[in-house]
Amino acid sequence: MIEVSSDGTTFRGTEVEIEQLHRRLAAAVDSPAPAQLVGTDVDHAERVRAELVAAMGAAISSPVFALGLDVSGPGGLQTHSFVVGRDGIVVRLSPVRDGDVELSAFPMTLLPGAMTRVVRFLPGRPPAHDAPALGFAPQAVVDLTDPAPDVRRDAWDGVRPVLEGAGYPGSEDSSWQMVQSRATWTRTDGRTADEFSVHLRWESHYFVVVESETQVDLVPVPSITAWEAMVQVLPGPAEIARPA
């Protein structure tokens with residue numbers, strides 16, 4: 001059964017339940033809000049806000065821009081998806097604990113904060129001002145985002161000694177996290193924009209991932225720089241084509 005939050009902004013259920021609800025909202029965008037939930041088993045349906053559900057359907061069916069956050073680490077790989085409607089409503093689709101999935105809506109002004117929360121961004125230790133970039137073969141870093149746990153583990157076994165040898169130590173309990181942030185939209189000139197950033201957190205150290213023709217560099221940065229790189233993929237209002 002799909003649960004509705006007390007403020008009516010978040011739906012939580014199994015992956016199948018939320019996928020069905022997601023499709024129904026998009027397909028029934030011109031229907032009265034209650035009709036969009038017909039056939040869906042929703043607990044506390046009285047909490048559903050008709051105007052918000054209608055805005056969610058509009059954002060899903062005709063987004064102004066889309067954002068994806070892929071978060072990988074030793075414990076798994078998660079994808080958080082966001083779409084923004086023309087009225088400024090963001091719809092987030094995210095995995096949560098115990099195999100459940102959330103479908104949530106909120107104003108676009110809260111999007112940077114939502115990105116921060118879903119990746120569980122933490123403050124870090126600033127690097128030395130002259131800390132050099134660390135170069136790797138591209139595949140060594142790409143494999144940190146592989147869906148297969150053994151591939152990620154093997155990749156990290158190759159990356160970690162380089163980081164520790166460069167003065168970024170960790171303990172047996174230390175963890176790592178790779179965050180890929182990608183936003184797509186239609187520019188005012190009609191071209192498709194695709195902005196992308198990647199950062200790695202190891203223990204309390206942050207690195208921005210920079211690609212070149214021959215290698216991938218992990219550039220040590222303060223945590224605020226990694227956070228800025230993550231959210232700066234978002235377009236400004238003047239960069240987005242006016243919806244038809």
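The residues lining the largest pocket divide into 10 nonpolar, 10 polar and seven charged. This is a predicted model, so keep that in mind for what follows.

The largest pocket holds about 660 Å³ of space. Its lining has 27 residues, and those nearest the centre are Gln78, His80, Pro95, Val118 and Arg120. Which elements give two or more residues to that lining? They are strands S4 (65-73), S5 (76-84), S6 (89-95), S7 (100-107) and S9 (176-186), together with helix H4 (111-118). S5 gives the largest share, four residues.

Now the second largest pocket. Its volume is about 330 Å³. There are 18 lining residues, with Val64, Phe65, Met108, Pro237 and Ile240 closest to the centre. By class, the lining of the second largest pocket divides into 12 nonpolar, four polar and two charged.

Is S11 mostly covered or mostly open? Mostly covered: five of its seven residues are buried.

S11 pairs with strand S10, residues 192-202, through four bridges, and the two run antiparallel. Within that pairing, Arg201 has Tyr206 in S11 as its bridge partner. S10 and S11 make a hairpin with two residues between them, and Glu203 in the turn has a positive phi of about 60°.

S11 also pairs with strand S12, residues 216-221, again in the antiparallel sense, over six bridges. Here Val210 stands opposite Asp217 in S12. This hairpin, formed by S11 and S12, has four residues between the strands.

How values were computed
Residues are numbered from 1 along each chain as its sequence is written. This is a predicted model: local features need pLDDT of at least 70, side-chain atom pairs count only at pLDDT 80 or more; totals for chains, interfaces and linings use all residues. Side-chain values use heavy atoms; hydrogens and water are left out. On a 1 Å grid over the protein atoms alone, a cavity is a set of points where a 1.4 Å probe fits but cannot get out, and a pocket is an open set with protein on both sides within 12 Å along at least five of seven lines; lining residues have an atom within 4 Å of a point. Grid points are joined across faces, edges and corners, and a volume is the space filled by probe spheres set on the points. Ala, Val, Leu, Ile, Met, Phe, Trp, Tyr, Cys and Pro count as nonpolar, Asp, Glu, Lys and Arg as charged, and the others, Gly among them, as polar. Buried means under 20% relative accessible area, exposed over 50%, partly exposed in between (1.4 Å probe, protein chains only). Two strands pair if DSSP finds at least two bridges between them.
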